[in-house]
Amino acid sequence: MKQRTKPTSSKADEHGILFTELTRTSTTTTTIKITENDEKNKLLSFDSLPDYMQDNEFIRDHYRCEWPLKHVVLSVFSVHNETLNIWTHLIGFMIFLWLTAMSLTKKAPVENLVGSFFRPESDGPSMTMMSNKTDGSDSFFPNSYLRHIPKPSILHVNEDSDVIPKWPWFVFLGGAMCCLICSSLAHLFACHSRRFYLFFWRLDYSGISLMIICSFFAPIYYAFSCHPYWRLIYLVSITGFGGLAIFTLLAPGLSSGRFRSFRANLFLTMGFSGVIPAAHAVILYWDKNPQIPVALGFEVVMGLFYAAGAGFYMSRIPERWRPGAFDIVGHSHQIFHVFVVAAALAHSGATLVIMEWRSRGLQICDG
Ligand SMILES: [Zn+2]
């Protein structure tokens, strides 16, 4: 700015110099800002991370680390090693949101398709009974098995049959959505600071436990509707066990990578404790209803998906085979996420089959 006061300068010169200086100053400021932003948005390697963030040494690069909150939020649309972890569960959340919307909507266009997708093809007594209620699906699916599928589906209240309470189904959907959104948020925000890291991973583990507890509600509620004491015992047990698991997982020490196997085993134990009520229901109804084996089949698929997912989670395959090669796409946590969504969908199938059975007037208890 000194030049502005020089007595020898003409007015034009003064303006020219002022303009040049202002331009230079603004260019410098912009450059500094860009450099600062670059610095804030820089993806780090595993070795440059602070201790508390070093979790999986086989993912070598592309870490966001202590970014400002705004940049963290925007990073949902950028490429880093958590992008697919965020999106796999965000898409899962959207699927369950859609299922919830369909379940709440009486005349949803896809309700029959969803309901029929989960309904067994069977010539058993219940299906014979239901076949009187077809509503013209033959014209849409003349030669497919879908034409054998009676309507209306469980996804809307049956005006012409006994209505069963739908709240246990919504408890499951709510638990699944809660788990999936908590997981997406954890994968998005945990990198912001140590405080966020501890908070969001504990939120994630609590969400998983909550989903497992909520998953039990609907099948147990519907399968044991003629055995209220057993229903109470099973529901109280899983709620107590799940509550204890959440309490344990809230301990800050258990969030570290060292306890990866402990957490996975705890979730698996919770999940597989469902074998006890499932076996009980099968003993009670195996020969009385053809839909029970179908529901059981869905639950077995769910168990296999969870087990496979937990296997990837604990073993950190495939990234341990080629560290750094799966940083962005294909590492174990992403595979685990896909299995979690698939398992929850298989469980939805089992629950809808059981609900179908109960909603068709077959809940008359033997006494
Ligand atoms: Zn996750």
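Biologist: As I understand it, helices here are DSSP runs of H or I with at least four residues, strands are runs of E with at least two, and both are numbered from the N terminus. With that in hand, how much of residues 203-224 is helix, and how much is strand?

Modeller: That stretch is 95% helix and 0% strand. Its end C-alpha atoms are 32 Å apart. Keep in mind that this is a predicted model.

Biologist: What does UniProt say about 203-224?

Modeller: The UniProt entry, which is unreviewed, gives 203-224 as a "transmembrane region".

Biologist: Take 266-286. How far apart are its end C-alpha atoms?

Modeller: They lie 30 Å apart. The span is 86% helix and 0% strand.

Biologist: Zoom out. How many helices and strands does the chain have?

Modeller: Twelve helices and zero strands. The chain has 367 residues, and 37% of them are buried. Take contacts between residues at least 6 apart in sequence: 72% of those join residues at least 24 apart.

Biologist: What about confidence? What is the mean pLDDT?

Modeller: The mean pLDDT of the chain is 77, and 71% of residues reach 70 or more.

Biologist: Which elements have the lowest and the highest mean pLDDT?

Modeller: Helix α5, residues 125-130, has the lowest, at 33. Helix α6, residues 167-189, has the highest, at 96. Over residues 120-161 the pLDDT is below 50. In the model, that stretch has 67 contacts beyond near neighbours in sequence.

Biologist: And residues 108-114? How many contacts do they have beyond four places in sequence?

Modeller: The model has 14 of them, and pLDDT stays under 50 there.

Biologist: New topic. Which residues does the UniProt "binding site" annotation cover?

Modeller: The unreviewed entry lists His187, His333 and His337. They are spread over 151 residues of sequence, yet they cluster in space, with a largest C-alpha distance of 11.4 Å.

Biologist: Where is His333, and what does it touch?

Modeller: His333 is in helix α12, residues 332-359. Residues up to four places away in sequence aside, His333 touches Asn85 and Tyr313.

Biologist: Why does His333 count as buried?

Modeller: Because it has 21 C-beta neighbours inside 10 Å, and the cut-off for buried is 20 or more.

Biologist: And His337, where does it lie?

Modeller: His337 lies in helix α12 too. His337 counts as buried, with 26 C-beta neighbours inside 10 Å. Beyond four places in sequence, its contacts are Asn85, Thr88 and His89.

Biologist: Now helix α10. Which of its residues are buried?

Modeller: In α10, residues 275-285, the buried ones are Pro277, Ala278, Ala281 and Tyr285. They cover an arc of only 100° around the axis, so they sit on the same side of α10.

Biologist: Why would residues a few places apart point the same way?

Modeller: Because an α-helix has 3.6 residues a turn, residues three or four places apart point the same way.

Biologist: What is exposed on the other side of α10?

Modeller: Val275, Ile276, Ala279 and Ile283 are exposed there.

Biologist: Which helices do the buried residues of α10 pack against?

Modeller: They pack against α7 (194-223), α8 (228-249) and α11 (291-315).

Biologist: Staying with α8, at what angle does it cross α9?

Modeller: The axes of α8 and α9 (260-272) cross at roughly 170° and come within 11 Å. Angles over 145 degrees count as roughly antiparallel, so α8 and α9 are roughly antiparallel to each other. On the α8 side, the contact is made by Phe241, Gly242, Ala245 and Leu249. On the α9 side, Arg263, Leu266 and Met270 take part.

Biologist: What about phi at Arg316?

Modeller: It is near 55°, a positive value in a residue other than glycine. Arg316 is in the loop between α11 and α12. Arg316 is buried, with 22 other C-beta atoms within 10 Å.

Biologist: Why flag those?

Modeller: Because most residues other than glycine have a negative phi, and most peptide bonds are trans. His62 also has a positive phi, about 65°. His62 is in the loop between α1 (11-40) and α2 (69-74).

Biologist: How many other C-beta atoms are within 10 Å of His62?

Modeller: There are 17, so His62 is partly exposed.

How values were computed: Residues numbered from 1 in each chain as written. Predicted model: local features only at pLDDT ≥ 70, side-chain atom pairs only at ≥ 80, totals over all residues. Buried ≥ 20, exposed ≤ 12 C-beta atoms within 10 Å, placed from the backbone. Arc of directions from axis to C-beta. Contact = placed C-beta atoms within 7 Å. UniProt positions renumbered as here; feature names shortened; annotations may be inferred. pLDDT = per-residue confidence, 0-100. Axes fitted to C-alpha atoms, helices over the stretch in contact; angles between N-to-C directions. Parallel < 35°, antiparallel > 145°, perpendicular 65-115°, else oblique.
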